[in-house]
Protein chains: 2
Amino acid sequence: MQIVSNIQEMCSISDEVRKIGQIIVLVPTMGYFHEGHLSLMREGRKKGDVLVVSLFVNPTQFEEGEDYEVYPRDFSRDKSLIAGMGVDILFVPALEEMYPEGYQTFLEVERLTKPMEGQFRPTHFRGVATVVAKLFNIIKPNIAIFGEKDYQQLVVIRRMVEDLNMGVEIIGMPIVREGDGLAMSSRNTYLTLEQRKAALSLNRSLKKASELYRSGERNPMRIIDTVKEVIEREEGIIIDYVEIRDAKTLEEIEIIGDQAVIALAIKVGKVRLIDNLIFGEE
Amino acid sequence: MQIVSNIQEMCSISDEVRKIGQIIVLVPTMGYFHEGHLSLMREGRKKGDVLVVSLFVNPTQFEEGEDYEVYPRDFSRDKSLIAGMGVDILFVPALEEMYPEGYQTFLEVERLTKPMEGQFRPTHFRGVATVVAKLFNIIKPNIAIFGEKDYQQLVVIRRMVEDLNMGVEIIGMPIVREGDGLAMSSRNTYLTLEQRKAALSLNRSLKKASELYRSGERNPMRIIDTVKEVIEREEGIIIDYVEIRDAKTLEEIEIIGDQAVIALAIKVGKVRLIDNLIFGEE
């Protein structure tokens with residue numbers, strides 16, 4: 001595994017790889033790897049010739065007052081964790097090289113970024129779209145792999161790639177869960193034992209939603225109410241949102257049809273967690 | 001000269017050309033060619049192996065109420081005009097393919113787009129940056145050539161390319177003028193004889209600015225005042241702005257140093273014209 005931190009060096013490598021017609025697969029990450037990340041890398045290893053993992057805690061996707069400064073970072077732990085994954089290049093650009101003085105260009109995906117996460121993190125997707133566009137330009141992947149836990153992010157990135165003719169195939173991979181059902185997240189490390197127990201209500205509530213769907217319920221509001229009830233039974237959880245929307249357009253729906261997603265975000269203490277489920281795909 | 005209108009076809013061609021290591025040069029245009037465009041193509045022909053000219057009247061860079069609908073278009077005239085220029089591919093994408101239903105992704109260059117043109121055309125550079133990013137992704141040029149008449153555009157594009165790691169070399173080419181000094185523009189075709197005579201005051205005023213600079217004047221306000229005086233002597237001209245700024249950062253300056261640009265925009269009747277001059281480079 002080659003570690004590359006210089007942007008120009010990464011550009012040269014990817015130019016050479018593309019020239020000889022090899023397939024580059026990118027797994028973009030903010031590090032502090034867990035099994036979710038590893039599942040993306042495993043898929044990436046199968047899909048291409050050169051597997052690049054980027055590791056960059058991207059400041060522009062954190063809101064003012066969020067956890068950018070304390071976001072968990074452990075480079076040597078990360079290196080050992082992915083040692084056996086067949087990663088060809090670990091790209092770890094420096095902050096000053098990604099956003100040098102005078103930096104001022106941002107990508108905006110308009111409608112898809114407004115609801116759900118966008119209501120609580122108004123500049124989040126602007127930061128995500130911008131850093132992903134930069135990584136695509138530097139690494140020139142044929143394929144990029146993202147996790148479905150950040151469901152809205154996946155939809156936004158697909159739209160951006162199509163709108164801007166980026167020519168990158170986007171693959172979404174299923175959420176990986178802990179044994180107890182909690183969706184894996186680098187932020188889970190923030191949770192106290194008690195908070196973690198309360199957070200299990202997220203997965204429990206989604207299971208309940210899935211049961212209702214399988215038993216024929218197609219009214220979004222009735223499912224949302226039940227999900228909220230399950231979560232609110234726990235102490236100390238604040239619900240940011242529970243929403244059922246069209247899985248592709250993220251538009252509101254009155255009846256759950258073929259392609260619908262239920263997505264939610266909560267705060268437990270200072271920790272913000274998200275989870276989701278695509279109906280019919282559980 | 002091959003004419004390509006399908007985006008996917010253009011992508012495939014540029015992928016193949018890049019794979020065999022040839023240099024692609026792009027000259028992006030909105031058509032209705034004049035000698036300014038031809039000078040860019042001439043330079044492009046020298047700089048690379050495959051010369052691509054794009055012709056697309058980009059709606060997103062026109063403000064509401066501007067001249068998008070009536071912007072001069074004449075494809076067969078354009079084809080004949082460039083017949084001898086050594087253009088390999090003329091790329092003429094369809095509007096519905098460039099901005100399909102549901103399109104919603106835009107690029108924003110923040111500070112550089114605020115003054116000068118940005119004050120009068122607040123969404124103009126967002127449209128420019130977006131379409132140029134799309135063209136770069138589709139055509140994958142090593143080099144792209146722009147005219148210096150749209151001086152602020154050139155600075156904005158350079159910044160975008162650097163910020164987003166686009167890896168395209170940007171070349172700016174000098175303004176080409178008519179025999180009487182009027183900067184060439186597709187919009188000159190809108191001018192009545194009388195308006196055109198009045199519009200000559202732009203170049204005359206810039207010549208006066210240049211004379212003052214060469215005689216040692218370094219105070220921006222004194223030069224600006226003189227320029228305005230020269231222009232205001234003509235009937236029927238409304239000045240949008242006359243500004244002297246740092247040629248690279250477009251920041252305001254108190255003293256004209258090494259790198260300063262004087263840029264201006266006026267309206268004569270319904271026609272809006274711009275012109276500029278870089279001090280010391282006349």
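Biologist: In which sense do strand E6 and strand E7 of chain B pair, and over how many bridges?

Modeller: This is a predicted model. Strand E6 covers residues 143–147 of chain B. Within this pair, Ala144(B) stands opposite Ile170(B) of E7(B). E6(B) and E7(B) pair in the parallel sense, over 5 bridges.

Biologist: Which are the edge strands of the open sheet in chain B?

Modeller: The sheet has 6 strands in the order E1-E4-E3-E2-E6-E7. An edge strand here pairs on one side only. That holds for E1 (2–4) and E7 (169–173) of chain B.

Biologist: Which strands does helix H7 of chain B lie across, and at what angle does it run to E7(B)?

Modeller: H7 spans residues 151–163 of chain B. This helix lies across E6 and E7 of chain B. Its angle to E7(B) is about 170°.

Biologist: Are H8(A) and H9(A) roughly parallel or antiparallel?

Modeller: H8 (residues 193–214) and H9 (residues 220–232) of chain A have axes that come within 9 Å and cross at roughly 150°. Angles over 145 degrees count as roughly antiparallel. Therefore H8(A) and H9(A) are roughly antiparallel.

Biologist: How do the residues in the contact of H8(A) with H9(A) divide by type?

Modeller: H8(A) contributes residues including Leu202(A), Arg204(A) and Lys208(A). From H9(A) come Val227(A) and Ile231(A), among others. The division is 8 nonpolar, 3 polar and 2 charged.

Terms used: Residues are numbered from 1 along each chain as its sequence is written. Chains are lettered from A and ligands numbered from 1 in the order in which they are written. This is a predicted model: local features need pLDDT of at least 70, side-chain atom pairs count only at pLDDT 80 or more; totals for chains, interfaces and linings use all residues. Axes are lines fitted to C-alpha atoms, for helices over the stretch in contact, and angles run from 0 to 180 degrees between N-to-C directions. Helices (H or I, at least four residues) and strands (E, at least two) are DSSP runs, numbered from the N terminus. Angles under 35 degrees count as roughly parallel, over 145 as roughly antiparallel, 65 to 115 as roughly perpendicular and the rest as oblique. Two residues are in contact if their C-beta atoms, placed from the backbone, lie within 7 Å. Ala, Val, Leu, Ile, Met, Phe, Trp, Tyr, Cys and Pro count as nonpolar, Asp, Glu, Lys and Arg as charged, and the others, Gly among them, as polar. Two strands pair if DSSP finds at least two bridges between them.
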